Amino acid sequence: MTMNISRRSLFYTAGIGTLAAPFIMNGSIVRAASETKTDMTISPVEARSFKLGGFRVTAVRDGMRASGVPNETFGTNQSADTVGALLTENFLPADSFVNSFTPTIVDTGSQLVLFDTGMGEGGRENGLGRLAEGLRAVGYAPEQVTVVVLTHMHGDHIGGLMEQGKPAFPNARYVTGRTEYDFWVSADRVGTGAEQGHKGVLAKVKPLADKITFIEDGGEVVPGITGMNAFGHSPGHMIYRIESDGKVLMLTADTANHFVLSLQRPDWEVRFDMDKAAAAATRKRVFDMVATDRLAFMGYHMPFPAVGFVEKAGEGYRFVPMTYQFDI
């Protein structure tokens, strides 16, 4: 089978800052035989592309990391035993979890739209901030990105906006929600738990303000991509409906941040949800829609390549990862 590497699914192998040539076998790209290290901080650059109608969607893993005791982040209103039991039931360790960060690129043919920017240079000493490498691995340069969409303004989504004090995507315009931006730039955040995030937005986002288009619920990013309010995780968190030739993908950002703990138990409180009650209500509203309409969705912290489906199950939803649905 002939394969165009820049337009098909791929896995690249890299040391820190260095891309290695992959082996190609039966249309798949696998880790080079010389790669023997398994530490997550030196994981290979990974990207996966798939078709959505006339669009090409690519997931790039900005990085991954072990993230501590599960119930300190998920199910914070539950006991450690209750959270651990659900993880064990789903073949996962009860006392630790891995977090993955996945920006998304949508190539519409006329626009190259990037959703969120990962950790950026601030994360590289910990093996994160791999977005630029991933872009190049699939044949794109940062200079080709025409639109950068910020689903919200937590640090792992805006960290890659600037590089050495300059815009990392110099030819892009930016799209985000007005509610989110106004919250984070406000001096009202000083002296509160949101002050660190406020400083990050002042450093990473506000310098780009003259290139930002602010949208509201139902606003269009480019033809085929529209925003939807999904408040709770952050004050102005938004998700996006991507549609081409009758095919639909919901980009749900941080509506659900774990494929078991957030989806099977959508009412459980999450440490990083700023309004926990609103976030839980949003999770149920969004994933009821995704399940009922049998839509594909892409979640920023879902298992790479972060794409799948959900079905209603008990008090929540069961995650069904993608396989070959988009390839035939």
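In the largest cavity of this predicted model, the lining splits into 6 nonpolar residues, 3 polar ones and 1 charged one. That cavity has a volume of about 50 Å³, and the structure holds 1 cavity of 30 Å³ or more. The protein around it has 328 residues, 53% of them buried, and its secondary structure runs to 6 helices and 23 strands.

**The cavity**
- Who lines the largest cavity? The list is Thr102, Thr104, Phe115, Asp116, Leu251, Ala253, Met298, Gly299, Tyr300 and Ala306.
- Two elements give two or more residues each to that lining, namely strand 20 and strand 21 (296-299).

**The largest pocket**
- The largest pocket holds about 820 Å³ of space.
- Its lining takes in 35 residues, and the ones nearest the centre are Arg65, His154, Gly155, Asp156 and Phe272.
- Strand 9 (98-101), helix 3 (155-158) and helix 5 (195-204) are the elements that give two or more residues to the lining of this pocket.
- Helix 5 puts in the largest share, with 6 residues.
- Sorted by class, the pocket lining comes to 13 nonpolar, 16 polar and 6 charged residues.

**Strand 19 and its two partners**
- Strand 19 (residues 238-244) is mostly covered, with 5 of its 7 residues buried.

**Helix 4 and valine 185**
- Which residues of helix 4 (residues 178-185) are buried? They are Glu180, Tyr181, Phe183, Trp184 and Val185.
- What do those buried residues pack against? They meet strand 15 (173-177), helix 5 and strand 16 (212-215).
- Valine 185 sits in helix 4, and it counts as buried because its relative accessibility is 19%, where the cut-off is under 20%.
- Leaving out neighbours within four places in sequence, valine 185 is in contact with His198, Val201 and Leu202.
- Take valine 201 from that set: it is 16 residues along the chain from valine 185, and the C-alpha atoms of the two are separated by 6.6 Å.
- Helix 5, then, is packed against by the buried residues of helix 4 and also gives 6 residues to the lining of the largest pocket.

**The whole protein**
- Of the contacts between residues at least 6 apart in sequence, 66% join residues at least 24 apart.
- The accessible surface comes to about 14200 Å², and carbon and sulfur atoms account for 51% of it.

Key
Residues numbered from 1 in each chain as written. Predicted model: local features only at pLDDT ≥ 70, side-chain atom pairs only at ≥ 80, totals over all residues. Heavy atoms only, no water. Helix = DSSP H or I, 4+ residues; strand = E, 2+ residues; numbered from the N terminus. Buried < 20%, exposed > 50% of the residue type's maximum accessible area, 1.4 Å probe, protein only. Contact = heavy atoms within 4.5 Å. Areas by Shrake-Rupley, 256 points an atom, 1.4 Å probe, with all protein chains shown as cover. 1 Å grid on protein atoms, 1.4 Å probe; cavity = no way out; pocket = protein on both sides within 12 Å on 5 of 7 lines; lining within 4 Å. Points joined across faces, edges and corners; volume = space filled by probe spheres on them. Nonpolar A, V, L, I, M, F, W, Y, C, P; charged D, E, K, R; others polar.
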